Amino acid sequence: MSVTSLPTPSLDQARAQLREVFGFADFRGSQEDVLQRVLDGHSALAVMPTGAGKSLTYQLPATLMPGTCVVISPLIALMHDQLRSAKANGIRAATLTSADADWRETMDAYRAGDLDLLYVAPERASQPQFCDFLTSARISLFAVDEAHCVSEWGHDFRPDYRQLRPLMDRFTDVPRLALTATADKRTRADILNQLGIPAEGLVLAGFDRPNIRYSIRHRDNPVKQIAALMAEQPGPGIVYAPTRRKVEDLAEKLGAATGRTVLPYHAGLPAEERAANQVAFVASEDMVIVATIAFGMGIDKPDVRFVAHAGIPKSIEAYYQETGRAGRDGDPAQAIMLWGAGDFVQARQRLSEMPDNRRDDERQRVDMLAALVEAPACRRAILLRHFGEDPAAQCGNCDNCLSPPKVTDATETARKVLSAVYRTGQSFGFGHIQKVLTGSSDDRIVQRGHDRLSVFGIVMGEEARLLQPLSRALQARGALVATEHGGLALGGEAPAILKGEQTVEIVIPPKQSRRGRGRNTTPNPVGDPLFEALRDLRRDLAKEAQVPPYVIFNDATLRAMTAERPASLAEFGEISGVGAKKLKAFGEIFLQVIRQY
Ligand code: ADP
Ligand code: ZN
């Protein structure tokens, strides 16, 4: 199809529209680069981290360019979420999915040119009838969300995405915008190729999520540790646990320990209960959900304040993606991983059951994770380097930057541990090894003659404090592995350490747990009467409109209202996050509340 070309909207026009429709002062990060290309009619692939504001890069052009922006999105739940937010800002949007009853109206609206945005699933988009239908009106832009689904190298390959190129090729004048949060180099090249986007259209934003504070510590009492986090973070949170049983157990104990609503989510729950828990979580401002990793995909809740891992994730990629569900609204959020040596032992045991061709890759994944949890250095720098970036050495917003741990060279002690394991026959647990090394005799030790070994009693005084963390570190890096009967044996990394080819530096555990001081970000003023009153109002409005509270206004906007106390509609309109539609819909009613305080 060929259309007469109109003058393209300028970036200044887009900025004015950003204020008018979304109520935001300016673009963030790479949004401007993406918009520039799209508004000029060029195709682009935007790789931007979660929370960077990808949806705005097509929603805004959709309101400026003539015609309808067709958005291909893989999950109905995501589409409906986007739809609600778009409509709340006064954008004319609709979805065409199997879950919609109003598809006839939607099709009529499209034909009449009355839609800014039309969301469809890839299954529908790939049908020939749909293509014919699209020719009945003007398209402004194709937006392909979760674009990594088009690539077999991506982690969610969807064959239907491969049909999008033939569809889009029918509309040669319409620019294409592909969006994803996760795509490595190979996947990026594949997406460009599969969707017919020129290489210069790639806009690559950094992976950094500066508002997320990363902390990783040893798991000694997960209920107590996570309850402490919940006391610090009254907002919604996700706790990932490795098994269904642990999900149920943690949910129950955390609920009892904190008095907050804590619900479970895993594939073994009845479908209705699972769905109901998810809906409750999305709508809630303070609920915690304990879940297996099945939870999260397709959940677009921007105000998640923390993500806790009660065991190690599968890989650094998985960790980044799971923790990335925290703080999408840009407000301060926490990611805490609690790890145990047993997590690594199990992960390494699984390696031996794997086919040869996958084992090396998987071993590398586990090694990278071990390096991350053991590191005394900035966690964010490790993550970002893993994704090929060149970050600053210190981020100032992770556990190791905020309270730098003491590190010691424990290579000598490590050698003692490994020889004790070797000399006792590689079949005893750590408790026994510890006794042998510190020279504390018991019946079992005497019976086996372990008190006569050269390693008996060679660890003394302060050095004994290193044994526990050292055992964890050696297991994490695979120098010690578990035997079938729960004992310890030497693993692949052990010889290098024994021969002095590899050093072992460990973090000395703090004498008592330090509290996470030194906030550098603004939390919600929980307890401030005005803030609470605004939250109540938001909750009532959300209920009435049957949308989650953040669709009305997000936390940052409520905070700004609390701090700035606008006295007039004009002042209210200046608050970040208040666009024209929301000013009209909610301005008066919020001002009434603000005036009372
Ligand atoms: P993504 O899809 O990249 O994960 P979203 O599109 O959901 O991110 O946006 C994340 C949050 O950032 C939303 O709450 C959105 O309203 C907000 N946001 C987007 N762009 C801006 C901006 N320019 N200024 C302020 N907030 C923004
Ligand atoms: Zn750091």
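1. The protein chain falls into domain 1 (11-204), domain 2 (212-339 + 375-403), domain 3 (407-508) and domain 4 (529-594), with bounds taken from an automatic or database domain assignment. The C-alpha centres of domain 3 and domain 4 are 60 Å apart.

2. This is a predicted model: local features need pLDDT of at least 70, side-chain atom pairs count only at pLDDT 80 or more, and totals for chains, interfaces and linings use all residues. Residues are numbered from 1 along each chain as its sequence is written, and side-chain values use heavy atoms, leaving out hydrogens and water.

3. An open sheet is built from 6 strands in the order S8-S13-S12-S9-S11-S10, with parallel pairing. Its edge strands, S8 (212-218) and S10 (262-265), each pair on one side only. From one strand to the next the twist averages 15 degrees. Strands are DSSP runs of E, at least two residues, and helices are runs of H or I, at least four, numbered from the N terminus; two strands pair if DSSP finds at least two bridges between them.

4. S10 and strand S11 (residues 288-291) run parallel and are joined by 4 bridges. Pro 264 has Val 290 in S11 as its bridge partner.

5. Helix H11 (residues 244-258) packs on the sheet and touches strand S9 (237-240), S10 and S11 (contact means heavy atoms within 4.5 Å). The direction of H11 makes about 175 degrees with that of S10. Helix H12 (residues 271-283) also packs on the sheet, touching S9, S10 and S11, at about 135 degrees to the direction of S10. Axes are lines fitted to C-alpha atoms, for helices over the stretch in contact, and angles run from 0 to 180 degrees between N-to-C directions.

6. The count of disulfides (cysteine sulfur pairs within 2.5 Å) is 0.

How values were computed
Chains are lettered from A and ligands numbered from 1 in the order in which they are written.
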